There are 2 protein chains.
Amino acid sequence: MNNWLPSSIYLALLHHPVKNKNGETIASAVTNLDLHDLSRVAKTYGVTAVYVITPLADQQALVRKIISHWREGYGAAYNPKRGEALDLVRVAESLAAAVDEIGSLEPERPVRKIATGAMQNDGVISFSALRRKLNSEAAAFLLMLGTAWGLTDDIIAEADYALEPIQGNTGYNHLPVRAAAAIILDRVLGTE
Amino acid sequence: MNNWLPSSIYLALLHHPVKNKNGETIASAVTNLDLHDLSRVAKTYGVTAVYVITPLADQQALVRKIISHWREGYGAAYNPKRGEALDLVRVAESLAAAVDEIGSLEPERPVRKIATGAMQNDGVISFSALRRKLNSEAAAFLLMLGTAWGLTDDIIAEADYALEPIQGNTGYNHLPVRAAAAIILDRVLGTE
């Protein structure tokens, strides 16, 4: 949890509903390294919690097993810094459940959902505008990241904001979700 | 390869010599996702090549097998964008071999080695100063990233520059090498 901003920031890593390469809605599998990378980046930048969202019970159990290994199992002794980061990870069966939980944790702050992705949408919010909001609004901002081929149109449509895509220098726009999360948090929360 | 800068930029992901958690010099194992993440980030930002450095023959073979799967095997048909990024990956048995290869590819440009890591060193170069160098010097800049617990002191000492560490907002400085690479390239090459 940060204590230098009026806002709080959460990440949501969606495994459902997301798109496959044909644009169909699917539930993707949890990737072990996503949990490590997102939680360590989140811990670095002062994110309050990272919601791993999947409706599949076996996938929820897998996430809990990974967290437990690094918080209480062999991994906790081998590398305590990983468990410290994984402390930020929460499992939710749906985006709505995550939003409800944030609302109950922070009843005084409205939850603002921010869609991220490689696609350019009309009316996107810029990185600098989001940075200003984080520094001025007493809200809980939930940055939604899609696995597989990204968030579905419905999720983007029901978001409060869609964040502008990360543009590199080459026209290639296929960043891993792990890299996108790192760059987004650095752009909106980083200090150089 | 970029064509909008006087410089060219390379990444080197070192698996030897790097430190283990006790500060001893080791050879670490290649991580599949490192290759994907670093090459996709490199492709996004116009990096010329990504050197995966390991003296171990079986690890070199593993890297070549992964690249081949995504460039020519089943993966190439399933997701051609991954092979496009992995085209940037080169295998080298040592840092010196990578530097030699860059020197022969670009004989007109001196190679400048830049150490990266979480440790604060005396005389580090700032992100903004490195960005200015990339925009003004006709050199081949090689950003060296350490796996495991980071680059050895010898590698840092023989670098032309040591890049300032990425500071988050919390004092937690255990970013995955994949996240660090993404943030560094965005800071020195990104356009918002």
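## Strands of chain B

A115(B) stands opposite M144(B) in β7(B), within a model that is predicted, so that local features need pLDDT of at least 70, side-chain atom pairs count only at pLDDT 80 or more, and totals for chains, interfaces and linings use all residues. Residues are numbered from 1 along each chain as its sequence is written, while chains are lettered from A and ligands numbered from 1 in the order in which they are written.

Strand β6 (residues 111-115) of chain B pairs in the parallel sense with strand β7 (residues 140-146) of chain B over 5 bridges, where pairing requires that DSSP finds at least two bridges between two strands. Strands (E, at least two residues) and helices (H or I, at least four) are DSSP runs, numbered from the N terminus. β6(B) also pairs in the parallel sense with strand β8 (residues 161-162) of chain B, over 2 bridges, and I114(B) there stands opposite Y161(B) in β8(B).

## Helix packing in chain B

Helix α1 (residues 32-45) and helix α8 (residues 177-189) of chain B pack at an angle of about 5°, with their axes 9 Å apart; axes are lines fitted to C-alpha atoms, for helices over the stretch in contact, and angles run from 0 to 180 degrees between N-to-C directions. That angle makes α1(B) roughly parallel to α8(B), a term that applies to angles under 35 degrees, with over 145 counting as roughly antiparallel, 65 to 115 as roughly perpendicular and the rest as oblique.

## Contact between the chains

The contact takes 32 residues from chain A and 32 residues from chain B, two residues being in contact if their C-beta atoms, placed from the backbone, lie within 7 Å. On the side of chain A that touches chain B, α1(A) gives the most, with 8 residues.
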